[in-house]
Amino acid sequence: MSEPKTASPTPGDMYKGWLFKWTNYIKGYQRRWFVLSNGLLSYYRTQAEMGHTCRGTINLATANITVEDTCNFIISNGGTQTYHLKASSEVERQRWITALELAKAKAVKMQAESDDSSDEAPVSSQGDKSEFQSILRTLTCKAEDLSTCHDLIGKHGAALQRSLSELESLKLPPESGDKIRQVYERATLFRITSNAMINACRDFLSLAQTHSKKWQKSLQYERDQRIRLEETLEQLAKQHNNLERAFRGATVLPASSPGSAGSSKGSGGGHGKGDLSDDDENEFFDAIEDAPEFITVPADPKYHKRTGSNVSGISSEMGLEDHIREEQQQQQQQAANQESASKELIPRKKRRNRIPDKPNYSLNLWSIMKNCIGKELSKIPMPVNFNEPISMLQRLTEDLEYSELLDRAAKCESSLEQLCYVAAFTVSSYSTTVFRTGKPFNPLLGETFELDRLEESGYRSLCEQVSHHPPAAAHHAVSKRGWTLRQEIAIASKFRGKYLSIMPLGSIHCLFANSGNHYTWKKVNTTVHNIIVGKLWIDQSGEIDIINHKTGDKCHLKFAPYSYFSRDVARKVTGVVTDSSGKAHFILSGTWDEKMDYSRVMQSTRGENGAEGRQKTVYQTLRAKDLWRRNPLPENAENMYYFSNLALSLNEEEEGVAPTDSRLRPDQRMMENGHWDEANSEKQRLEEKQRAVRRKRESETVKPEEEADPKDSPTDSPIKSAHVDTYKALWFERKEDPVTGEVTNVYRGGYWEAKEKQDWSACPDVFSAS
């Protein structure tokens, strides 16, 4: 990006250009567009904001300009406004200082001339001037009345004193003389007090006449300030109204790639700066947070097909009538879906809706975790106190909590709309984790978990632990409503002292039978915070690309990490659905713990450069519609590990399952029933048994490691092992995906046939004590 000219003089006593302004200690100096005009220095985020949004203004007539070093200088009005600025070079700084000093001198001169003219002929309305002169005349009259009263008081007081003196000369009884002297003294005091009052009133009038012009100028100044403030408030109200209309329901989308900062942050870090009145404080984000690259605004409800030179592309060439017709069709389809779902989703079996309450066991966390820092979590012997009574295979099956989203996706005729539902399903799989701070049980090698929901929800699912080190699980779910979901997930986790990072590896595949669309994506990272001190909480962060390998459609989702300084809603997820040419058709927004919405893009416009110099795309969208909303948790969920209704039923005892099923795992069942001490002992026994079986299997290996079949441990697999394990999964086999080219574990078949025959002779002995 070419750097714009830092400053440029323009006609009309105006000077403008780029300067770096100190914002805060997180973001440091940020580049802002400054405009010097008529003695006022204003700044904006971008040049495009000059027409509508001023970020701050300082009056140079009352400001002090201080030079710090070769490039830095400070402008302050001695009150609430202080700008710490930096030019790109010493020459540019000198140009700005010269322009500012000249503007300040001119502003001071204009203010002085205004004050002088106010002394002679105040700039005020004729009514205000007449009123002021009338008040002065009234005060003068009152002062003359007071002076007259003073003369009368003095005259009558003297007469009174003479009369009292004459009374003293008369021969009166002794008692009367005392009374007369007392009256004389009181009359003297009255005269002295009256004289003091009259003198104070005269002084007041003299002072009022002396300072009347000064008061008049101050009054006029306050009136001018009030008018200026009213105009400013009116302008702000208009700007707020325009912004509210433009950005009502607007969604900020993530940048496709992190951008470099457009300003230096280190050079000013040592100064004790911080303009608390600066509007930059209103957006106080983490330094690592990316600036948004896309924004959305509501489209005109009367939008019709049109083209223009400023339009870079119209995502959906349809007018208002087409949109109304589409909404009607969607409403009819939703009604039909609800009617069919009400018939199909009638539960044939009552599932349990509660488990025993979680015991309140105290545990010295630090004594266990202090020796685990930096180690892989799967290799740490963890007590069940940190667990929840569910295995990782069952937790993986919980991704099907909102399988109805895939049911709706299977009925979509448009691949782009289908992609929206697949994206919502991807986000919904994280909603069950928001309060789930417990660790699932690590599955034993060969352990399985089946979930048969053909009668209730139309699908059935099978998971198997296919690798021990690194731990990996394969999952296969198929629905009679036209979709198949399969995934191979390995968990890489590290304990960092304050938090636990969980990095899922492997890909998720979703296939639709009718359309042949094949979608793939990967999971984002999970972080468990406050491991040592404080309340545990979970955050999901990262980016997901959901790709339709048949059509080339793509959905880019961003899970925004939690930031203490961000003003955005917590757990925010945003995304954009594009076709193979990169044209946007839908905008997704919501949170991974509550809901997701989607909006159809009517047109896109290339906007102005942002604060970091990157060009943004503005998407005009129709009204947002619901894609997915989280189901409420069951009653008393806080005492049942915050399990959802589906999670509560996963470990329910069921007849006819394989002997390797997680429901039959004894340590997990003991923990669910509240017997944690016995569960810890049983867990250690099972883990030691698994180690012994593995040592035995390795010792009986006939084929040398160097001659092993490369398909057993392919180099291009996302899940790699440091050695060749001779264990072969029972229900899954490693194959190369014909679409993506990845080598992964794919369901080979046979499980449900074995269950129907109740022939489990091929299953390994996983849980028994022998």
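The dialogue below discusses aromatic rings in a predicted model.

Biologist: How is the geometry of the pair Y402 and W628 to be read?

Modeller: Planes over 60 degrees apart count as edge-to-face. The planes of Y402 and W628 stand at 80°, with ring centres 5.5 Å apart, so this pair is edge-to-face.

Biologist: Which parts of the chain does that pair tie together?

Modeller: Y402 belongs to the loop between α7 (392-397) and α8 (404-411), while W628 belongs to strand β27 (residues 625-629); the pair therefore ties together parts that are 226 residues apart in sequence.

Biologist: Are Y402 and W628 buried or exposed?

Modeller: Buried means under 20% relative accessible area. Y402 has 2% relative accessibility and so counts as buried; W628, at 3%, is likewise buried.

Biologist: What geometry do W731 and Y751 show?

Modeller: Their pair is edge-to-face, with 5.2 Å from centre to centre and 90° between the planes. W731 lies in the loop between α12 (676-699) and β28 (732-736), and Y751 in helix α13 (residues 751-757), so the parts tied together are 20 residues apart in sequence. W731 is buried at 7% relative accessible area, and Y751 is buried at 0%.

Biologist: Which residues do ring pairs link into a cluster with W731?

Modeller: The cluster consists of W731, Y751, W752 and W760.

Biologist: Where do charged side chains sit over rings?

Modeller: K86 lies over the face of F20, 5.8 Å from the ring centre. The charged end of R571 is placed over the ring of W592, at 5.9 Å from its centre.

How values were computed
Residues numbered from 1 in each chain as written. Predicted model: local features only at pLDDT ≥ 70, side-chain atom pairs only at ≥ 80, totals over all residues. Heavy atoms only, no water. Phe/Tyr/Trp six-rings, centres within 6.5 Å; stacked < 30°, edge-to-face > 60°. Helix = DSSP H or I, 4+ residues; strand = E, 2+ residues; numbered from the N terminus. Buried < 20%, exposed > 50% of the residue type's maximum accessible area, 1.4 Å probe, protein only. Lys NZ or Arg CZ within 6 Å of the ring centre and 35° of its normal.
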